Amino acid sequence: MSSEEKQPLLEIKDLYKEYDKKMVLNDIQLQINKGEVIVVLGPSGCGKSTLLRCLNGLEPIQGGEIKLRGKSLSGKDVDWQKIRQHIGMVFQNYDLFPNMTVIENILLGPIKVQKRDKNQVLMQAKELLDRVGLLDRIDAYPRQLSGGQKQRIAIVRALCMNPEIMLFDEVTASLDPEMVREVLEVILGLAKQGMTMIIVTHEMAFAQAVADRIVFLDAGNICEIAEPQEFFTDPKTERAKQFLNIFQY
Amino acid sequence: MQSSVISMVFTSQNLMRLMGGLLVTARIAFISIAIGSIAGIGFGLLMTSKSKWIKGICRLYLEIFRIIPILVWLYIVYFGITSALNIHLEGELVAMIVFSLWGTAEMGDIVRGALESLPRHQIESGRALGLGFWKLYRYVLIPQAVRRMLPGAINLATRMVKTTSLVVLIGVVEVVKVGQQIIEVSRFQVQTASLWIYGLLFILYFIICYPLSVLSKRLEAKWSN
Amino acid sequence: MSINWDFIINSIPLYEKAAWLTLKLAFWGILISLVIGLICSVIQYFKIRILRSIVGAYIELSRNTPLLIQLYFLYFGLTKLGLTLSENTCAIIGLSFLGGSYMSEAFRGGIEAVSKSQIESGLSLGLSKIQLARYVILPQAFSFSISSIGANCIFLLKETSIVGAIAILDLMNVTKDLIGMYYQTFESLLMLVIAYLIILLPMSFLLTWLERKVRYAEFGN
Ligand SMILES: Nc1ncnc2c1ncn2[C@@H]1O[C@H](COP(=O)(O)OP(=O)(O)O)[C@@H](O)[C@H]1O
Ligand SMILES: [Mg+2]
């Protein structure tokens, strides 16, 4: 019992990643405990998306190791299909399947992949939809929804797989300003319930409110890891200071 | 045994005759493609006209060629026009007329598509430079449009080459007909003559069309952005 | 020039019969083409070894040779090897051989149009490659390719005009026979054009309508 509690849920060691011989992530060390919320900040192109994609097996890594509950996710014989069921991910571009209704989108994974009982999943889906305020759109098609609604559904779709950790990649970046809030509130709610999350965002106030730790990434390297209070008031590195200055205006 | 069969069908004399037939096919294709391309450019310009009437008539001309099979067109001109005007037209001439008219229609649509895809501001900035109508087309629009239409035009040429095979059905003595004549003559000694001859024709057409379609695809990929 | 209406009326049953035959051949040709096209695009999508290069060769051979030669080769050539095929069977095989590659290209275009993020989104739910194809890629690819599929159907319908070359009593041959026997050239050709318009125009309108209906952006309407 206690040994499991000490073990980090996700562990990244010496992670190295390149595209066509061009380094994108280098020497990444990070441990994420159960229930912890990590916010990854950094200038555009610094490798934030790539980091999340590596954690989900969407990108192969060229060095280092990723461990989930102590089990290595590197090597040829890793069953990503299985692992991805434990790692939920929501992307910047609302990627609901346009050929399916909201509920079909949500049920696809739990029923076809996890082979769970339909009624039980349906109940869970309705409860989650209700919580994000979209129960009445259950039979809508994605095109009939606003961007903010689509992102909330995408979050529900990922949650319905009962993941142990959620990855969010700039989920509000494509949204109109008035819709940003409704999506961020859903994520804040998840944090309160103790969901383990890694969040990439450019919403600084939100980052400060939700994060347990801030990871500042620059040019593929982790420059700084700090508590939000400390990071926003007194960043240690010059790069982080410059980065935060841009956001002052 | 197999090789002796082949040598009986593909005598040097027969091969020469096939080449002669191929020349007729090539002549029809080449002239139709040439006329179709040149007239098609004019037709394409006409299709971008501002007048609703001109546009409508052009559209009608195009759609008439699109909806009715080319073989039907060959019949209409070969049997119909000749009997209506009481003149005799050689099948080869009929083929060139029909293919040129068809090529003009299709080429025109390719040219129209290319011209319409050009950004509007190019035309405006050309005007602002004081370029006249012809100069605007010559120096600004056409060079860019060529890139956008060349893949489609080559593709059209491939289609026209394939379609030339139909002219055997209106009595033109071209490569397919020559092939049939060879089969007629040699089928008593060589039962499988038709297999070899049609196999050869199949390969011949492939050898001509395949490089064209590869070229079209390459250009399209190269210029697609 | 006066039109011989009696002749036209008398010829209607002949044209009707030929038109049905044309439609029947086209129907089977298109159906089998769709099946071949689907199989080919699945093989290409899953990059199945060996089969993939066979499919590639087939597509190039079929697209870069005329239907007439394909039919002659099949009907006059292959039958010499002891294979006996009826004219109609030959016509359907020929149409399918030609159409299969066109349909396959249409599907491939549709598959390529499915965005990368849709695929990743499916992967992140843990879908297998087959599930991904079944639930995400193929339904979307189908709606992306519907307009090329429609164009191919019209194309194949028009190509049926060529099957007369292997002694099928289709619209073309009926017309040719009537011209040869009765010298009613204008009337026969008029009937021929009308017959093709009756077949092709509704088809073309139907497909335009279907295209609007099924288009990706309009799911849910
Ligand atoms: N598929 C790819 N191929 C090559 N380079 C890529 C690819 N995806 C991203 N990159 C490069 O990797 C770097 C990091 O990208 P990304 O992780 O998307 O940055 P961020 O999400 O922080 O804006 C960028 O320099 C980008 O150009
Ligand atoms: Mg990013």
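**The interface between chains C and B**

In the predicted model, chain C and chain B bury about 3,100 Å² between them, and carbon and sulfur atoms give 77% of this area. Asn64(C), Ile69(C) and Tyr72(C) supply 18% of the area that chain C buries against chain B, more than any other three residues. In terms of contacts, 35 residues of chain C meet 34 residues of chain B. Two pairs of chains are in contact, and of these, chains B and C share the most contacts. Chain A and chain B, by comparison, are joined by no contact, and their closest C-alpha atoms lie 22 Å apart.

Seven residue pairs in polar contact, with both residues at pLDDT 80 or more, are found across the interface of chain C and chain B. The count of salt bridges between these two chains is one; this salt bridge pairs the side chain of Glu60(C) with that of Lys217(B), at 3.3 Å from N to O.

On the side of chain C that touches chain B, at least two residues each are supplied by α2 (51-63), α3 (67-77), α4 (87-113), α7 (171-182) and α8 (185-214) of chain C. The largest share is that of α8(C), which provides nine residues. Classified by residue type, this side of chain C consists of 22 nonpolar, seven polar and six charged residues.

Terms used. Residues numbered from 1 in each chain as written. Chains lettered and ligands numbered in written order. Predicted model: local features only at pLDDT ≥ 70, side-chain atom pairs only at ≥ 80, totals over all residues. Heavy atoms only, no water. Contact = heavy atoms within 4.5 Å. Buried area = accessible area lost by both parts, 1.4 Å probe. Salt bridge = Lys/Arg side-chain N within 4 Å of Asp/Glu carboxyl O. Polar contact = N/O pair within 3.5 Å; in protein donor to acceptor, adjacent residues only side chain to side chain. Helix = DSSP H or I, 4+ residues; strand = E, 2+ residues; numbered from the N terminus. Nonpolar A, V, L, I, M, F, W, Y, C, P; charged D, E, K, R; others polar.
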